[in-house]
Amino acid sequence: MSTDTPTTPAPPHPRATGTTALSEGAPAPAARAATLASPPAAGTAAPAASGPAPSLPALVPPPSSPPPSVSVLAGRLWEAVIGGDQVRAAALATGALEAGLEPEALLLDVIGGLQARVGREWAADRITVIQEHAATAVNDRVVALVAGHPAFAAAAARQPDRGRIAVACVDGEWHAFPARLLAEVLMLRGWRVDYLGAQCPTPHLIAHLHRTAPDALALSASLSTRLPAAHAAVTAAQAAGVPVIAGGAAFGPDGRHARLLGADAWAPDARAAAERLARGLPLPATPHQPVDDLPHLADQEYTLVSRSSRELVGAVMAALEREHPAVRSYTPLQRAHTLDDLAHIVEHLAVTLYTGDPELFTAFTGWTREILLARGVPDALLAFSLTVLREQLRDLPRSVAVLTAALSTSAGGAA
Ligand code: B12
């Protein structure tokens with residue numbers, strides 16, 4: 001079930017997490033550069049040209065020419081970012097700030113938009129994993145540059161002092177970039193921010209809250225598999241008297257998972273988060289345990305599936321090798337990737353049982369299917385794997401229902 005060395009007619013491969021293996025077959029960066037140069041669709045907000053803060057005239061010289069539009073700048077920056085050209089990217093960003101582009105527009109509309117485009121290009125197999133990493137590294141540097149620019153200090157100085165906030169990623173969450181953008185925007189809006197970065201272990205996070213007593217914790221998660229860890233962090237922070245605003249893709253486009261986990265607030269993006277926080281958060285919900293929010297956890301299905309993940313993965317792998325000759329001939333590396341993918345599938349099933357939201361699993365299998373199709377891999381093995389899993393879990397009614405729903409939307413599977 002691996003596509004990392006597609007020698008024979010590509011064996012179908014439910015490679016859910018397979019960014020590395022899947023992208024190894026992607027075209028070389030140079031060959032792709034021409035197709036990547038078109039400006040992104042996103043990022044259309046008009047930049048607000050503004051002069052220097054009256055109190056900081058020396059820091060920001062008056063703009064000599066108007067700043068480029070967000071879409072023009074995003075198009076130029078995309079070429080620099082995807083080409084790994086840090087110097088050019090830095091010059092473009094600095095030039096735009098000095099021409100009067102608001103730091104917030106640069107951070108969110110330009111750089112945030114570029115990151116989303118990086119994700120789309122990777123998903124469509126038009127850039128490699130390493131290009132994705134390199135692009136994020138360049139954007140990281142640009143964010144640091146923006147945050148250190150006098151225009152940033154000038155914009156922040158125009159805001160009242162709003163209080164202190166901790167911005168942290170949930171334990172196990174590596175997507176620090178979205179949280180970083182949020183942290184910078186909150187600083188621009190007058191907050192004192194403790195930016196704690198990626199994968200914050202909950203006990204240490206809580207110790208930080210006790211030590212610093214912030215007005216709120218802004219908790220970020222991009223992957224839905226981090227929701228159980230997010231739940232633990234939300235309930236622990238609230239028990240420490242700190243209200244929690246949650247955000248990031250894991251909480252759903254409508255914030256439904258933030259509500260489910262009892263967060264005190266949710267916002268879809270950094271601007272909305274700043275506006276929500278400016279109104280003040282309510283006192284944290286009364287201390288509660290995760291099971292109070294999710295009474296269905298009493299059926300133990302989440303615990304059973306997550307605890308037997310290794311056995312489930314082994315059973316599906318054995319069935320794949322038994323029934324599919326192509327899988328039997330996998331290299332050790334392909335086999336290892338396939339085991340990773342199966343573990344990812346089981347992890348998503350477990351988190352679906354945790355939240356009780358079956359759409360979470362169908363969205364995941366739909367995403368997996370798109371990733372596979374973009375790489376020319378039919379999804380028949382995904383359907384086969386889900387069918388074997390369902391057979392393994394036949395005594396667990398919620399699991400069977402979730403897998404049946406996913407199979408009914410699968411091209412290769414019959415519910
Ligand atoms: C860069 C990147 C990475 C980098 C992250 C580096 C870093 N320093 O952040 C690395 C390489 C580490 C990575 C790893 C993985 N990634 Co990744 N990654 C991305 C990518 C391309 C960009 C992320 C980003 O910067 N987004 C830009 C910002 C602006 O995103 P945003 O979520 O819109 O942020 C805004 C709001 O959400 C909100 N917000 C965010 N946090 C908070 C918090 C609060 C409190 C509030 C109120 C608001 C808020 O405000 C932000 C600004 O407006 C995304 C694609 C994408 N579309 O995001 C994939 C993506 C998130 N990754 C994905 C995957 C699958 C993975 C891996 C599992 C891959 C693998 N095989 O290992 C791992 C998992 C790692 C882990 N355990 O966390 C998938 C997730 C798909 C899914 N269905 O779950 C995506 C969507 C790629 C794709 N196109 O499919 N990734």
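Residues are numbered from 1 along each chain as its sequence is written. Because the model is predicted, local features need pLDDT of at least 70 and side-chain atom pairs count only at pLDDT 80 or more, while totals for chains, interfaces and linings use all residues.

The secondary structure of the chain comprises 20 helices and 5 strands; helices (H or I, at least four residues) and strands (E, at least two) are DSSP runs, numbered from the N terminus. The chain has 415 residues, of which 47% count as buried. A residue is buried if 20 or more other C-beta atoms lie within 10 Å of its own, exposed if 12 or fewer, and partly exposed in between, with C-beta atoms placed from the backbone. Among contacts between residues at least 6 apart in sequence, 75% join residues at least 24 apart, a contact being a pair of residues whose C-beta atoms, placed from the backbone, lie within 7 Å.

Strand β3, formed by residues 216-220, is mostly covered, with 5 of its 5 residues buried. A216, A218 and S220 point one way from the strand, whereas L217 and L219 point the other way. Strands are taken to pair if DSSP finds at least two bridges between them. On this basis β3 is joined to strand β1 (residues 163-169) by 5 bridges, and these two strands run parallel. In this pairing, A218 of β3 stands opposite V167. Strand β3 also pairs with strand β4 (residues 244-247), in the parallel sense and over 4 bridges. The bridge partner of L217 in β4 is V244. Between β3 and β4 the chain passes through helix α10 (residues 227-239), and this β-α-β crossover is right-handed; that is, with the strands pointing away from the viewer, the path from the first strand over the helix to the second runs clockwise.

Two packed helices are described by the angle between their axes and the distance between the axes. Axes are lines fitted to C-alpha atoms, for helices over the stretch in contact, and angles run from 0 to 180 degrees between N-to-C directions. The axes of α9 and α10 come within 10 Å and cross at roughly 25°. Helix α9 is therefore roughly parallel to α10, since angles under 35 degrees count as roughly parallel, over 145 as roughly antiparallel, 65 to 115 as roughly perpendicular and the rest as oblique. The contact involves T202, L205, I206 and L209 of α9 together with A229, A232, A233, A236 and A237 of α10.

In a second pair, the axes of helix α15 (residues 309-323) and helix α17 (residues 332-355) come within 9 Å and cross at roughly 125°. These two helices are therefore oblique to each other. On the α15 side, S309, L312, V313, V316 and M317 meet T338, L339, L342, A343 and V346 of α17.

D125 has a positive phi of about 65° although it is not a glycine, and D125 is found in the loop between α5 (103-123) and α6 (129-148). D125 counts as partly exposed because 18 C-beta neighbours lie inside 10 Å. Q199, likewise not a glycine, has a positive phi of about 25°. Q199 is located in the loop between β2 (191-197) and α9 (202-212). With 16 other C-beta atoms within 10 Å, Q199 is partly exposed.

Key: Contact = placed C-beta atoms within 7 Å.
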